[in-house]
Amino acid sequence: VNSKHLPPKTEYVVFVRPSPVQAALYRAALRQNVHGGSQPLQALQRLQKLCNSAALVMRPRGDNGDGAKDPGVAELLKKIPAGYPDPSDPHVNAHAPAMSGKL
């Protein structure tokens, strides 16, 4: 409808390396899903969130912060590399460079 009024669509595909926290949690989530028999759609959603920011997976759901954590989060917490902030800590900014390689 509006295509005659808009410029042509331009799309860029850019590869960004994941942060060390993202990479460690991604590998752990993959192993957990292979060995734990997780539900496939839930596993894909977890991996997609990890690609955006580790904090999206590790923090409780819900607007008020009291929601239930994703199953398996306790196991993932053990895989955070030494010296990096805990993504489940609400005081750690979700946009911190350690949480996402995009930033």
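The lining residues of the largest pocket divide into 6 nonpolar, 2 polar and 1 charged; here Ala, Val, Leu, Ile, Met, Phe, Trp, Tyr, Cys and Pro count as nonpolar, Asp, Glu, Lys and Arg as charged, and the others, Gly among them, as polar. The model is predicted, with local features requiring pLDDT of at least 70 and side-chain atom pairs pLDDT 80 or more, while totals for chains, interfaces and linings use all residues. Numbering runs from 1 along each chain as its sequence is written, and side-chain values use heavy atoms, without hydrogens and water.

Select Val16, Pro18, Gln22, Ala23, Tyr26, Leu50, Cys51, Gly101 and Lys102 to display the lining of this pocket. A pocket is an open set of points on a 1 Å grid over the protein atoms alone, where a 1.4 Å probe fits, with protein on both sides within 12 Å along at least five of seven lines; lining residues have an atom within 4 Å of a point. Helix 1 (20-36) and helix 2 are the elements that give two or more residues to the lining, and helix 1 gives the most, with 3 residues.

Ser53 counts as buried because its relative accessibility is 7%, the cut-off being under 20% with a 1.4 Å probe, protein chains only. Beyond its neighbours within four places in sequence, Ser53 is in contact (heavy atoms within 4.5 Å) with Gln22, Ala94, Met99 and Ser100.

Finally, colour the chain by pLDDT, the predictor's confidence in each residue from 0 to 100. Residues 63-68 stay under 50.

Key: Buried < 20%, exposed > 50% of the residue type's maximum accessible area, 1.4 Å probe, protein only. Helix = DSSP H or I, 4+ residues; strand = E, 2+ residues; numbered from the N terminus.
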